[in-house]
Amino acid sequence: MKHTIWSIVAVAVAVLSITSCIKDENEMSSSPECAIISFSVGNITSYVTEQQYDSEGNATDVVVTKTIAGSDIHFNIDHNTGHIFTVDSLPKWVDLSRVVPKFTSYGSVYNLASAEDDFYIYLTSGSDSIDFSKTVNLLCVATDGVSRKKYTVDIYKRTTDLDTLQWKFMQSDIRLSGEASIFVGEDKVIAFDKDGNGSDIYTETYINGGQEWSLPVAIPVESKSVQLFGGKYYGKGTDGRIYRADDMAAREWSKVSDMTVERLLSADSYYLYAYDGNKILATADMQTWIAQGTANLNMLPDSYVTTVAHQAKHNANIEHVIMAGLSANNADNAVVWYKQSAQGAENQMWSYIQITPDNTYGLPRLGHLSVTLYEGNLYAIGTEDGSYQHIYCSKDNGITWHKLSQQYPLPADLKAEDGRAILTAVGSRLWLIQENGKIWQGSIQ
């Protein structure tokens, strides 16, 4: 027996007559309004075959787990056509066969389970998974049981093996000194930097903009020392002590440690790392400090320093932490440091990744180096022979680096004479922020 949409709606009316909006204890109401007013999806986990390189540059196929956060996938809703679709295309490797949608609506939402029978199934937001590898058809039924509106939903992803990186230029009113530290919050991009007088400041812009930045605000810490730890910003003051800003909008920094340090190095979910001139130290509470490295300290980066931390693919309780930059003691390559971090366990010491005959694929010594984490891999840019030419990528947490092909170009109008360009990941996009105020936003299509 074939099922029709009206048989489903009849059931919906019976249910909705009980669950519709209550005006008071005795009076029930129904509404002809039917619309999906917001739409998102949960995290999408995929199992992907990738090439990984050993220390000699030999490639091996391995299966890895990759996850894209639902918060990084943005949808548009065209109410005129009933079309809901992703703003950016997802990577080709994303498995869309079991994706959990989240939505808010006027009325109840149903998923077309069988086009042949015109059969719809009630859909629970944040609970039921759907196969989004093809267009999904939804039906929104008003609480009056009569009004209805159809929607089609598309999650776009790249369909070719040869992806390309495309850039969009945006002129902004920001000016950077070249040593800025960039952080990405829930809805803002924040830059700690120096102004034209050499004073340390911070400024911010909204993620969905990037053109208008707030007026610079003075800060009492070294801008290039600032680290984000536990959702709060930490920096080294002129007295060598560590200060914290609980709320950047409040513009208040308070001393949280009497430990004297030369600089703050990095941070992950578990520890803040500092260098006291003799060793690398880690702290979780600003009171207890643990030695986390004493070897090769002459190779700590001293300029253009970038640090990133991300969750290990095989264990959610372990993080990979990478620190990269330039050192006056290494004229041939950039310097890269690595450690694993975990809570409640004896942590691995920081180690310097050396360039040896067994590992000749180090990160080149690029002028104005900038490194970021994007889609689980490290990307680096910098000048070569006085110009920006290539993007370098590491898929093994900074051990080996490989120049990307011409399918991953830098913007054609990115000129070294306009100053250093800082590469950072903002959700599903890459941003290039240059000293002269130019910004490019890029995505892999």
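User: What does it take for two strands to pair?

Analyst: Two strands pair if DSSP finds at least two bridges between them. The strands themselves are DSSP runs of E with at least two residues, numbered from the N terminus. Here, β16 and strand β17 (residues 232-236) run antiparallel and are joined by three bridges. Within that pair, Leu 228 stands opposite Tyr 233 in β17.

User: Before we go on, what kind of model is this?

Analyst: It's a predicted model, where local features need pLDDT of at least 70, side-chain atom pairs count only at pLDDT 80 or more, and totals for chains, interfaces and linings use all residues. Residues are numbered from 1 along each chain as its sequence is written, and side-chain values use heavy atoms, with hydrogens and water left out.

User: Which sheet has β16 and β17 in its order?

Analyst: An open sheet of four strands, with the order β16-β17-β18-β19 and antiparallel pairing. β16 (227-229) and β19 (254-257) are at the edges with a single partner strand each, so one side of each has no neighbour in the sheet.

User: How do I read a hairpin, say the one formed by β12 and β13?

Analyst: Start with a general idea: in a regular strand the side chains alternate between the two faces of the sheet. Now the case here: strand β12 (residues 181-184) pairs with β13 in the antiparallel sense over four bridges, and the hairpin has three residues between the two strands. Ser 181 has Phe 192 in β13 as its bridge partner.

User: What about β13 and β14?

Analyst: β13 pairs with strand β14 (residues 200-206) over seven bridges, again in the antiparallel sense. Phe 192 has Tyr 202 as its bridge partner in β14. This hairpin has five residues between its strands, and Gly 198 in the turn has a positive phi of about 85°.

User: Is β13 mostly covered or mostly open?

Analyst: Buried means under 20% relative accessible area, exposed over 50%, and partly exposed in between (1.4 Å probe, protein chains only). Strand β13 (residues 188-194) is mostly covered, with five of its seven residues buried.

User: Where does Asn 330 lie, and why does Asn 330 count as buried?

Analyst: Asn 330 lies in the loop between β25 (318-326) and β26 (335-342). Its relative accessibility is 10%, so Asn 330 counts as buried. The Asn 330 side chain also reaches the backbone nitrogen of Asn 333 at 3.0 Å.

Definitions and conventions:
A polar contact is a pair of N or O atoms within 3.5 Å; within protein, one must be able to donate a hydrogen and the other to accept it, and residues adjacent in sequence count only if both atoms are side-chain atoms.
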